[in-house]
Amino acid sequence: MSMTKCPICDAPLVWEDKEIKKGIYARVQVCKKCQEHYIDLKEHERVYREYYSKAFKSGNSIAVIIPKKVADEAGIRVGTSFKINVKDGKIIIEAVA
């Protein structure tokens, strides 16, 4: 459900495509006066389906599915080789040419 006015300052809201987290984009309503932004439940669910994945067991390994939209944005295709490292507790995956 979309709103027409900001619940904080009562200014009109406008629709924008915003990067809500590094590399994750969503259609949100933005208040031009106080700069708050709001995402509706339908858009939140779409973003979650497109950008988030869960690890699962595959043989003796743990596997992760890369969502198609993320793979497309990164230029990843079937057969792409990767180099995997861990730095500061984060997994770094780099495509290898």
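A polar contact is a pair of N or O atoms within 3.5 Å; within protein, one must be able to donate a hydrogen and the other to accept it. That term is used in the views below, which come from a predicted model.

**View 1. Glu16 and its partner Lys32.** Glu16 sits in strand 1, which covers residues 13-21. Which side chain makes a polar contact with the side chain of Glu16? The partner is Lys32, and the two side chains come to 2.3 Å. Leaving aside residues up to four places away in sequence, Glu16 touches Ala26, Arg27, Val28, Val30 and Lys32.

View 2. Ile20 belongs to strand 1. Ile39 is 19 residues from Ile20 along the chain. The C-alpha atoms of Ile20 and Ile39 are separated by 9.7 Å.

View 3. The order of the strands is 1-2-3, and the pairing is antiparallel. Strand 1 and strand 3 (37-38) are the edge strands, each pairing on one side only. Strand 2 spans residues 24-31. Two bridges link strand 2 to strand 3. In general, strands of a sheet pair through backbone hydrogen bonds, either parallel or antiparallel.

**View 4. Gln29 in strand 2.** Gln29 is found in strand 2. The bridge partner of Gln29 in strand 3 is Tyr38. Gln29 has a relative accessible area of 4%, which is under 20%, so Gln29 counts as buried. What does the side chain of Gln29 reach? It reaches the backbone oxygen of Met3, at 2.4 Å. Not counting residues up to four places away in sequence, Gln29 touches Ser2, Met3, Leu13, Val14, Trp15, Glu36, His37 and Tyr38.

**View 5. Two residues with positive phi.** Asp10 lies in the segment before strand 1. Asp10 is not a glycine, yet its phi is positive, about 70 degrees. Gln35 lies in the loop between strand 2 and strand 3. Gln35 is not a glycine either, and has a positive phi of about 65 degrees.

View 6. Strand 6 (residues 81-87) and strand 7 (residues 90-96) run antiparallel. How many bridges join strand 6 to strand 7? There are seven. Phe82 stands opposite Ala95 in strand 7. Two residues separate the strands of this hairpin. Asp88 is in the turn, with a positive phi of about 55 degrees.

**View 7. The largest pocket.** Rolling a probe the size of a water molecule over the atoms shows where empty space is left. The largest pocket holds about 1,100 Å³ of space. Its lining has 22 residues. Val64, Ile66, Val70, Ile91 and Ile93 lie nearest the centre. Which classes make up the lining? There are 17 nonpolar, two polar and three charged residues. Strand 5 (61-63), helix 2 (68-74), strand 6 and strand 7 each supply at least two residues of this lining.

Technical notes
Residues are numbered from 1 along each chain as its sequence is written. This is a predicted model: local features need pLDDT of at least 70, side-chain atom pairs count only at pLDDT 80 or more; totals for chains, interfaces and linings use all residues. Side-chain values use heavy atoms; hydrogens and water are left out. Helices (H or I, at least four residues) and strands (E, at least two) are DSSP runs, numbered from the N terminus. Contact means heavy atoms within 4.5 Å. Two strands pair if DSSP finds at least two bridges between them. On a 1 Å grid over the protein atoms alone, a cavity is a set of points where a 1.4 Å probe fits but cannot get out, and a pocket is an open set with protein on both sides within 12 Å along at least five of seven lines; lining residues have an atom within 4 Å of a point. Grid points are joined across faces, edges and corners, and a volume is the space filled by probe spheres set on the points. Ala, Val, Leu, Ile, Met, Phe, Trp, Tyr, Cys and Pro count as nonpolar, Asp, Glu, Lys and Arg as charged, and the others, Gly among them, as polar. Buried means under 20% relative accessible area, exposed over 50%, partly exposed in between (1.4 Å probe, protein chains only).
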